[in-house]
Structure formats: C-alpha cells, structure tokens
Amino acid sequence: MVEASSGMDNRFRGEITETHEGETLNYCYQCSTCSGCCPVFRYNSKFNPRRIVENTLLGRRDRTVKSPDIWFCTVCHTCTEKCPQGVKVSEIIIELKNLSSKEGLFPVHLQEEAKALLDFGMVSPANKAILSRREKLGLPIIENAPPEEIRTLTSYTGFDKLVASKKPMEGEAQKKPEGEAPKKKEAAEE
Amino acid sequence: MSNDYALFLGCTIPNRLPHLEVSTRIVLKSLDVNVKDLPGFACCPDPVGFSALDRYTWLVLASRNLAVAEEKGLDVLTLCSGCFESLKTANYILKNENGFKEKINEALAKVGKEYKGTVEVRHLLQVLYEDVGPKKIESTVKKPLEGIKVAIHYGCHVLRPSEVVQVDDPDNPTCFESIVKATGATPVDYEKKFLCCGVGVRSVDENTTNKMIEEKLRYVRLSGADLLCVICPFCLIQYDIGQFQINKAFGTDYNIPVFYYPHLLALAQGISAEELNFKFQRIKPDAVLEKIEKL
C-alpha cells in the first residue's frame, strides 16, 4: 500500500489521456481481456497489458515508462481490437514508449535501426551482394530518397537528438560490448 | 477503377528477399495491375520501432512517402504489412485527427513537400481480392493446384487495427482464402491461425518469439498442410528462418515450406520453380513442388 501511493504521479496519467488515442484509457474497467488475448503474455508474464493500463491509470510512471517491460509489446493490436470498452491498449503502450524514449530509455536494437535510417534513409539498405542479386534476378534499380532529405526531417523533429540520447536500460548495460556500436557506424559512413 | 499503382517496395523485400519481388511483378503483370517504380520513396518507416521511439517523426516520414505518390497522382500498393500499417495509419490520422495534417506539413515544408490527402494506400491482399478479384485470378491459372493443402497466415497489420486498415472482417476474414482457392489449392483451417508471427518482440525477447513460432507451426503441421502461405515478408522470415532457429533451440524437426502468396499463384500460372528462386529460402519446398509437378 505504501509503495503504491508513493509511486503515484497524477500529471503522468494526464500525459497519456491528453493524446488522441490515450483518452480511451479512462474507460478501462480492468476485465483483463487484453492480457487474455495477448500473444506475448502467454509466454512472458512480465508483459501484462492489463497491469500496464492499471499502472497508467494510477499514475505509476516508475512501473510503466521507466520499466523495460513495455518494450515486449509486439504491436499486433489484438488487445485494441478485442477490448470491450474500446480502450486503445496497444496505442497507449506506444504513447508510454514515446515518453520512455524522451527519457533516453529505449532498446539498443532500435537505436541501431534508427541510425541506419539516419545514415541511409532505410532500415535495411541495399548492399553490393543484394544489388548484384537483384541484377541477376532481372529486377530494376530502385532510386530511393536522398538520405539528406530524411535527415533534414529528423533534425527538424529532433529525432536525431533523441536517438543519440539513449541511456542504458535496466539489464542492458552489461550486455553491450564496449566500442561495438561506434565501429559499425564508422563503417556505415565510409 | 484504375489499375495503376505506385509500387511501394519498402526495404525488406527489395533488399533482403528480392526473389519475392520477382514473383510479385510476374503475377501483377499477368493480372493487368500496372505498377510504377517512383523515385524518392524512403523507409515506411517500421511501424513497431519508429512509432515507439517517436510517433510524430514516424508519421512525418510516412506522410513524406504519401506526398511522393501524390505528386504522381497514384494510389500506393504495398507488399509488406509493416509498410501498409505505417502508410495507412499516417493517411488515416492525417485525414481524421484534427490539426495533425497542418503539424505534419510544417515539417514536410522543410523538404519542399506537402501532404494533401489525395491518394489511397492498398495492401497487395486488398488489390488481389478487391480490385482484381478471385475470378480474374482463376482465369490466369493454367495448372490448378488441386489437392495442395494450404495453411493461411493473415498476419496482424493487414487486419488490425481494423478501424484504421479497413480490410475484410477482422474477426472472420475470408479474402485470403478466396484468392488461395482461385489457384485451385485448398485452404485448411488450424488452431492459432491468427497468432501473431512475433517479429515485433524478436529483438527484445527471443525466447518468446521462438515459442510463438513453434506454437503456430505445431498446429500447421497437425492440419496436414503442404505449406504455410503468408502475405508479408516479415511473417515469411519469422516462419522460414525462424523455423530453422526453433529446430535448433527446441530440438524440433519442423520442415514446413513458407510461401509468399505470389509464389503460389505463379506456380499455378505455370511459372517454373527455378524462376521463383526458392533457393533463397531456408526451408526447401521440394516435397510440395514434386506434388505440383505431378498434377
């Protein structure tokens, strides 16, 4: 009880309900349909959509935005589809992840994806082997957007700064071998 | 209705699985669907990762792609359910969420682009079922795949969120079955048909993604299907390469070929298996190809 009340932050609930889809949060009556139909919860009980919604309703920023658990959502939208109250559960989890990202808390693989986007305008850019395979398969050369154009946009929205602001997440710091990511980036820039 | 589309390839098909692009171009041509390769598209971008990092940037970049298609006045055809969700959601939000279009256009003005809201986004499944239709597909079949049992996997983003994507009945869809039947093959039902492929959780929890793949394949095998048919490259990677990974992780011996729908249709149209380059997939479909050969 003490713990529950100490972690509450009423402004935080408002940050979610003020968003376009987040306002549906208020309709939740905790029936747990979302957790019942969640394909991730079946195998990993750390990811419990009903509990995430409950913690958001109660203003527990520490147990949602600051927890790595929200990142287990596979974004299949089954919960949103099945909710009898019309709560947009998966969209609310996306808003929570946005708040988490603003604090520099997001998984390392997304930082890598985002760096590829900033470097090449694509998460999976073509390489020499693929270009040669495409030629052998008789496929056309595709002219994608210049990466500078993408960088102009990401710089305007502040996305480049967000990507660079990453802090280690719980349980992540030890796993990341030092120097690995920067090396990759240098190679990509050459 | 015009059958001209801007072909939005995304990055997974052209840069990781280009053989899927081969079969797609073959079947679209045979069905008189004209696709144009426009210069200037970029990442969709990934609806799972980028919406999570910053929904606004995600929508700006997705809308930029729509603006490219608008300049040519072409509706967009996507071959990947991920691209479909990003582009379709952006189109939906900019048309329906007050003030969002203006906010997005402020950003796009920095690169001399503008989103107007004049084009539609269509998934390959929609184009095949709604625009072309099973009858026309059937008319191009030279070698009906009689007796071939197909387990269908719709995947998530082509059906959900239904309010946004508006494809078929999300609880009881039948469009995929219709276009599989048009090839002469028989769709077979199985438990967990609507289970997510799990690609969205792969990078954070490999054990969960593997268990999701295993559960799906267990029921596909029980159904007696000759193959699993998908309509999204990510689902294909999950069940093809993923099948190899779960066999290693769990000591199972799954060997279920995974087809992107255009591969199935191309075979029914008499296109040779060599031309479809199954060699670029992990699970070799030799047994089912032999069955088809004998038809």
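What is the strand order of the open sheet of 4 strands in chain B that contains β1? The order is β2-β1-β3-β4 (chain B), and the pairing is parallel. Two strands pair if DSSP finds at least two bridges between them.

The model is predicted: local features need pLDDT of at least 70, side-chain atom pairs count only at pLDDT 80 or more, and totals for chains, interfaces and linings use all residues. Residues are numbered from 1 along each chain as its sequence is written, while chains are lettered from A and ligands numbered from 1 in the order in which they are written.

**The two sheets of chain B**

In the sheet β2-β1-β3-β4 (chain B), the edge strands are β2 (34–36) and β4, each of which pairs on one side only. The twist from one strand to the next averages 40°; angles run from 0 to 180 degrees between N-to-C directions, and axes are lines fitted to C-alpha atoms, for helices over the stretch in contact. Helix α5 (residues 81–96) of chain B packs on this sheet and touches β1, β3 and β4 of chain B, its direction making about 155° with that of β4(B). Contact between two residues means that their C-beta atoms, placed from the backbone, lie within 7 Å.

Another open sheet of 4 strands in chain B has the order β6-β5-β7-β8, again with parallel pairing. Its edge strands are β6 (186–188) and β8 (258–260) of chain B, which pair on one side only. Here too the twist averages 40° from one strand to the next.

| Strand pair | Sense | Bridges |
|---|---|---|
| β1(B) (residues 4–8) and β2(B) | parallel | 3 bridges |
| β5(B) (residues 149–152) and β7(B) | parallel | 3 bridges |
| β7(B) (residues 227–230) and β8(B) | parallel | 3 bridges |

Within these pairs, Tyr5(B) has Val35(B) of β2(B) as its bridge partner. Cys229(B) of β7(B) stands opposite Ile152(B) and has Phe259(B) of β8(B) as a bridge partner. For Leu228(B), the partner in β8(B) is Val258(B).

**Buried parts of chain B**

A residue counts as buried if 20 or more other C-beta atoms lie within 10 Å of its own, as exposed if 12 or fewer do, and as partly exposed in between, with C-beta atoms placed from the backbone. Strand β7(B) is covered on both faces: Leu227(B) and Cys229(B) are buried on one side, Leu228(B) and Val230(B) on the other. In a regular strand the side chains alternate between the two faces of the sheet.

The largest nonpolar core has 145 residues, and Val76(B), Leu87(B), Cys229(B) and Val230(B) have the most contacts inside it. Such a core is a set of buried Ala, Val, Leu, Ile, Met, Phe, Trp, Tyr and Cys residues joined through C-beta atoms within 7 Å. Helix α4(B) gives the most to this core, with 9 residues. Beyond its neighbours within four places in sequence, Leu87(B) has contacts that include Phe8(B), Ala62(B), Leu66(B), Val76(B) and Val121(B).

Helix α7 (residues 124–132) of chain B has 7 of its 9 residues buried, so it is largely enclosed by the rest of the structure. Its buried residues are Leu124(B), Leu125(B), Gln126(B), Val127(B), Leu128(B), Tyr129(B) and Val132(B). Their cover includes β3 (75–78), β4 (121–123), α8 (134–139) and α10 (175–181) of chain B.

**Packing of α4(B) on α5(B)**

The axes of α4(B) and α5(B) are 9 Å apart and meet at an angle of about 95°. The two helices are therefore roughly perpendicular to each other, the term for 65 to 115 degrees; angles under 35 count as roughly parallel, over 145 as roughly antiparallel and the rest as oblique. Residues in the contact include Trp58(B), Leu59(B) and Ala62(B) of α4(B), and Leu87(B), Ala90(B) and Ile93(B) of α5(B). By class, the contact has 8 nonpolar, 4 polar and no charged residues. Ala, Val, Leu, Ile, Met, Phe, Trp, Tyr, Cys and Pro count as nonpolar, Asp, Glu, Lys and Arg as charged, and the others, Gly among them, as polar.

**Chain A and the interface**

Chain A has 11 helices and 0 strands. Of its 190 residues, 38% count as buried. Contacts between residues 24 or more positions apart make up 70% of those in chain A with a separation of 6 or more.

Between the chains, 52 residues of chain B are in contact with 50 residues of chain A. On the chain B side, α4(B) supplies the largest share, 6 residues. That side has 27 nonpolar, 13 polar and 12 charged residues.
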